Amino acid sequence: MKTSGNGKSAPLAAAPDDALPHHLGHRDRLRQRFLDAGDGALPDYELLELLLFRSIPQRDVKPLAKQLIQHFGSFAEVIGAPISRLTEVKGIGESVALDLKIVEAALKRTMKGQVAKKPVLSSWSSVIDYCRLAMAFAEREQFRILFLDKKNALIADEVQQTGTVDHTPVYPREVMRRALELSATALILVHNHPSGDPTPSGADMRMTRELVDIAKPLGIAIHDHIIVGRDGHASFKGLGLI
């Protein structure tokens with residue numbers, strides 16, 4: 001501390017901006033870019049940085065964001081990864097992983113709300129987006145059913161079975177029993193391929209035909225069977241398989 005000629009202490013000069021940690025200025029600039037141009041102006045790793053800012057306030061998170069994208073492949077795959085895999089990445093503890101999973105849950109809730117507000121068949125792109133968000137990056141196969149009423153409004157969205165990395169057991173009579181319990185008149189079947197390739201397998205086609213054959217006498221329509229994966233989706237109806 002310097003003293004003035006009269007013996008009194010002089011106030012310390014403010015630190016210049018370039019004395020501040022570099023990442024603090026970077027955070028301000030990135031936030032401003034987001035405010036000015038929206039998320040479309042940011043690559044995946046910078047959008048992920050914005051999330052990590054709040055979880056890790058005291059250090060530069062750009063290298064970590066880039067590492068996560070490189071490790072998992074995309075922003076969607078990062079937030080879709082289970083906590084156990086996220087915490088395998090150095091620098092990601094359980095609290096940070098939990099913050100990312102909360103973001104994923106909020107996105108799912110938002111997408112599901114959009115699907116539920118109007119007839120499913122008139123908002124097909126929203127249905128596909130929701131199914132991909134909910135299942136495309138899961139590590140095990142899941143078999144999901146959207147149960148619809150006479151107006152094709154969503155009654156229920158339920159995961160019926162969870163299997164292995166390449167197989168999910170499906171019990172057609174249990175599917176129909178649940179549809180009757182809910183007074184559903186139509187179903188959309190959905191499952192994921194953790195391999196990433198959504199191409200229907202022979203087993204997928206046989207199972208779908210069996211469900212269609214059982215549902216028809218009960219007055220229950222199967223509008224589609226959608227397979228989702230990291231590389232896109234496949235629609236049985238679009239492929240002429242239903």
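Where is serine 183 found? Serine 183 sits in the loop between H8 and strand S3 (186-192). Helices (H or I, at least four residues) and strands (E, at least two) are DSSP runs, numbered from the N terminus.

Welcome to this structure. It is a predicted model, in which local features need pLDDT of at least 70 and side-chain atom pairs count only at pLDDT 80 or more, while totals for chains, interfaces and linings use all residues. Residues are numbered from 1 along each chain as its sequence is written, and side-chain values use heavy atoms, with hydrogens and water left out.

Most residues other than glycine have a negative phi. Serine 183 is not a glycine, yet its phi is positive, at about 55 degrees. Asparagine 152 is not a glycine either, and has a positive phi of about 60 degrees; this residue lies in the loop between S1 and S2. How much of each is accessible? Here buried means under 20% relative accessible area, exposed over 50%, and partly exposed in between, using a 1.4 Å probe and protein chains only. Serine 183 is exposed because its relative accessible area is 56%, whereas asparagine 152, at 18%, counts as buried.

**Salt bridges**

Side chains of opposite charge can pair when their charged atoms come close. A salt bridge is counted when a side-chain nitrogen of Lys or Arg is within 4 Å of a carboxyl oxygen of Asp or Glu. Searching the whole structure gives 12 salt bridges. The table shows some of them.

| Pair | Closest N and O atoms |
|---|---|
| Arginine 230 and glutamate 77 | 3.3 Å |
| Aspartate 157 and arginine 144 | 2.7 Å |
| Arginine 177 and glutamate 181 | 2.4 Å |

Arginine 230 and glutamate 77 form a salt bridge. This pair links distant parts of the chain, 153 residues apart: arginine 230 is in the loop between strand S4 (221-229) and strand S5 (232-235), and glutamate 77 is in helix H4 (residues 75-80). Arginine 230 has a relative accessible area of 35%, so it is partly exposed, while glutamate 77 counts as buried at 16%.

Aspartate 157 forms a salt bridge with arginine 144. Their positions are 13 residues apart, with aspartate 157 in strand S2 (residues 154-162) and arginine 144 in strand S1 (residues 142-148). Both aspartate 157 and arginine 144 are buried.

Arginine 177 and glutamate 181 share helix H8 (residues 172-181), where they are four residues apart, about one turn of the helix. Arginine 177 is partly exposed, with a relative accessible area of 41%, and glutamate 181 is partly exposed too, at 46%. These two belong to a network of salt bridges that links Glu158, Glu174, Arg177, Arg178 and Glu181.

**Helices H2 and H6**

Two packed helices are described by the angle between their axes and the distance between the axes. Helix H2 (residues 44-55) packs with H6 at an angle of about 130 degrees, their axes being 10 Å apart. The two are therefore oblique to each other, a term for angles that are not roughly parallel (under 35 degrees), roughly antiparallel (over 145) or roughly perpendicular (65 to 115).

Helix H6 (residues 94-116) is also where leucine 98 has its place. Leucine 98 counts as partly exposed, at 45% relative accessibility.

Technical notes: Axes are lines fitted to C-alpha atoms, for helices over the stretch in contact, and angles run from 0 to 180 degrees between N-to-C directions.
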